[in-house]
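Reader: I would like to learn how to read an interface between two chains. Please take me through one example.

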Amino acid sequence: MLRKIRIASAAVVFVLLTLLFLDFTGTLHLYFYWLTKVQLVPAILAHNMALFAILALFTLLLGRVYCSVICPLGVMQDCVSNISGRRGGGQKGRFGFSKARSKLRYGMLALSIIAFVAHVNIIISLLDPYAGYGRIAANLLAPLYRAGNNLLSWFAETLNSYALYPTDVWIKSWVSLGIAAATLAATGILAWRDGRTYCNTICPVGTILGLISRFSIFRPALDAEKCTRCGLCEKGCKASCIDSANMTIDLSRCVTCFNCIESCNFKAMRYAPALREKRSKQPIAASGEADDKGGVSRRNVLAIAWAMAVTETVKAPLLQVDGGLAEIKDKKIPVRKVPIVPPGAQSLPNMNRHCSACQLCVSSCPNSVLRPSSKLTMLMQPEMSFERGYCRPECNECGEVCPTNAIGSFTRAEKTAISIGYAVFVKENCIVTRDNVQCKSCERHCPTEAITLVDRDPGVENSLKIPAINNEKCNGCGACEYYCPARPFSAIFLEGRKTHSSI
Amino acid sequence: MEKKDIKELTRRDFLKIAGAGAVLTGAALAGCKPRNKVSAEGGALGDVPTDKMEYRVNHNTSDKVSLLGYGCMRWPMRKTSGGGEEVDQDAVNELIDYAIGHGVNFFDTAPPYVRGWSETATGKALKRHPRDKFFVCTKLSTHRGAELQTFQGSRALYEKSFKDLQVDYIDYYLLHNIGISGMQGLMQRFYDNGMLDFLIKERIAGRIRNLGWTFHGDVKCFDYLLAQQDERKVLWDAVMIQLNYYDWKYATGMNTPAEYLMGELEKRNIQAIVMEPLLGGRLARVNRQGLKLLKETHPEDSAAKWAFRYAGSHPNVLTVLSGMTYLEHLQENIRTYSPLERLNGPEYEVLEQVAEILNDSNYIQCTECQYCMPCPYGLDIPGIFRHYNIIVSEEKRLKSSKDPNYDKYRREFLVGYDRAVPKLRQASQCNSCGRCKPDCPQRLDIPKEMLRVDKYAEQLKQKMEF
């Protein structure tokens, strides 16, 4: 029964969390945004100590239920492990007790703590199970989901229905995609072979909660009178924490999945408050001798060379003819000295400190502005660019979804008064210079009227006009850059402000 | 068929069981049977007549011209293996064969049409028919390109038409787009370079059978060319004007009401070739209010049929051009003119009322002629206007954000917009450079209309109150 409750609740949480990363309409976030906020690492990064305390107390009471129900990477590993088990001809019990790899565990925890204190967020990003799963969902699943949506909306279109609409499918960052694939491969292979190895050797969340859960009040325990030492519970334990020969359980590694209780034919395994248990039944402490060989590093960051397809320009025909569409070259990303981050971030360092790189904001951004950064200093954290859209005035989605407060929530009204960057004009690129036509795009689209048009050739009558920027008024939304008709590089582009200012 | 058999069997069984009263029952069954007119050829609509086309006689040459003329500016396209597009020649052949087989004999093209491919495609399809079965009409175009303005350039364009159409004489040769660039443009293009004199000589030589012009825009040019005839300097065989029940009174933009144009032509006994009988399809998609009036009078007739009947009813019309991309359109139009039922007094009144309704409905007066395309910055100008106009004609253009249908219509506009036009080709991308403006035969201020569409889209996107 307990096991069934665990599976059902894990399934609900897992599906909803996954959908949060897939849904691009912003509907699910309205109701289930809190699922991301109860994740442990985001809570720590958000300095939400109250939530941390609640999770700690929860674990002290029930054990590592968190790892079996709330953590999406844990549930994903359970799924993989389950499939792997079924493939073995249905035979139960492919696991066995193993000693704790304490050096690796505590080493990883120490590394995480050092990284947290030293603000080296990349390490936390790589180790945080929630962010790891988020990247898998955002980089690997979301494109598939969106492609499926586009197929369905194509059908809807043929039926003249407006219920579905197509959306852009694009690879936002190859580096991020590579890391997500590596995370999936590493955790997937470990889970396929040995169940929860990752959670009990590498994951800092597992280790923190393990430190607490070894003193948990409710805990699985063997009844010495009923137990026949058949070893069935040990073979079914994906955390490899039951030593049936010695009738001990390493509670620091137990993820409270209740599989052992279900598998015991003699009802010798019980989940009950420890107060009634005798001291002699206490589990053995984790052994100090750890076998570090074969430790899997998942920090093999893939650097995929990204060759840009060279787009050919088609010469206009000599005789002007009717119809047809001019080719539109893809825009290229300009080099920005300071990355641009969303209004709620307050400043670049502030975001860098708090962000776990789960990429929920990236998958939620409806304007194709946010993407995972490839810069080493903020690897996989969100940054903004305006080749496919700009930071639209009516949108505050990223601030709403962020679980770590790296992007704090902000209202639409507040957004108008926050400057996240400033515009830079590159005269040589401007089509007024290049094509000798009067273009008013940037001026027209600027929401803060920071751009005015001035004579390109002062003193000449009817001179063509070029933009002049008043950066005191610029909020950094990127409308001018996005709408600039100059391609592949816009004639006006945005530079980030390290610390956001108010207009 | 099987289903039907089973039904009949059960009926028969039923009759057997019923026994007595079989005669009565049988009669009742016969009474119930729906009259099924569906046939393989024409369906419930009936066959498309092959020999009932209305013809008009050209005063000068006695050509018997079919009232339905084929406009060759909207040929169907297909994707090439290389990812580009080309004219779907098989479909063009099929359409032209069908048209000729059903009495259509007037084909109108021009060098720039269908990205410059129209003459070649039309020529290929016509080549498969005897030369005396069709009249071909093409034009000396005025499109941009300085080298085309000279005598040599113009003459090259003229010669190219013969080559592409694969003919040794052209039945109707027209000066293209008179009025689009004012008097100055008219002089430069056709007079100063001696091109008109050359064409008059060509007419004498028999390589041109009818000489005329097409008109859009500045009425001064229209009057000037007719005055030239009054002074016996040149005789015009036919003039192409925009005529439909909307333009008759409410000419769009800087256009001149067709009522005036037609009157002037009639005075001089010059026959009119009619273009835009449907206003680029807009009169086929009149709004609900207008359609209600039409349907109340003739429930079975489409709005397009009304418009074609209107254009054809005028006795001074030589032929009515329609750019038919699809066989269904061709069939419907052939039916309308085989033979033509002239509009009567009450019907004219209905169309006048519809024209008034249309005049009040805030359309963008684009006929999707594609002359403005390609926009150098990639916008799909006719596509944007088409989407907007469809929303207007469906009466889903919101006038206020407090409209009870706000959410539904907002979604239909925005989702439909993204479907109809890719984001990078939408009105928001217009930079107001104005290059398209001189090309528009409807004299639309395209950048201004773009702002209008974009403003509406932004109002909806940002959920502003209005």
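Author: Start with one pair: B:R419 forms a salt bridge with A:E157, with 3.9 Å between the closest N and O atoms. A salt bridge here is a side-chain nitrogen of Lys or Arg within 4 Å of a carboxyl oxygen of Asp or Glu. This is a predicted model, where local features need pLDDT of at least 70, side-chain atom pairs count only at pLDDT 80 or more, and totals for chains, interfaces and linings use all residues. Residues are numbered from 1 along each chain as its sequence is written, chains are lettered from A and ligands numbered from 1 in the order in which they are written, and side-chain values use heavy atoms, with hydrogens and water left out.

Reader: How many salt bridges does the rule find across the interface of chain A and chain B?

Author: The rule finds 3.

Reader: How is the area buried between chain A and chain B to be read?

Author: The size of an interface is often given as the accessible area lost when the parts come together. Buried area is that loss, taken with a 1.4 Å probe and summed over both parts. Between chain A and chain B the value is about 3500 Å², and carbon and sulfur atoms give 51% of it.

Reader: How many residues does the contact take from each chain?

Author: Contact means heavy atoms within 4.5 Å. Chain A gives 36 residues and chain B gives 43 residues.

Technical notes. Buried area = accessible area lost by both parts, 1.4 Å probe.
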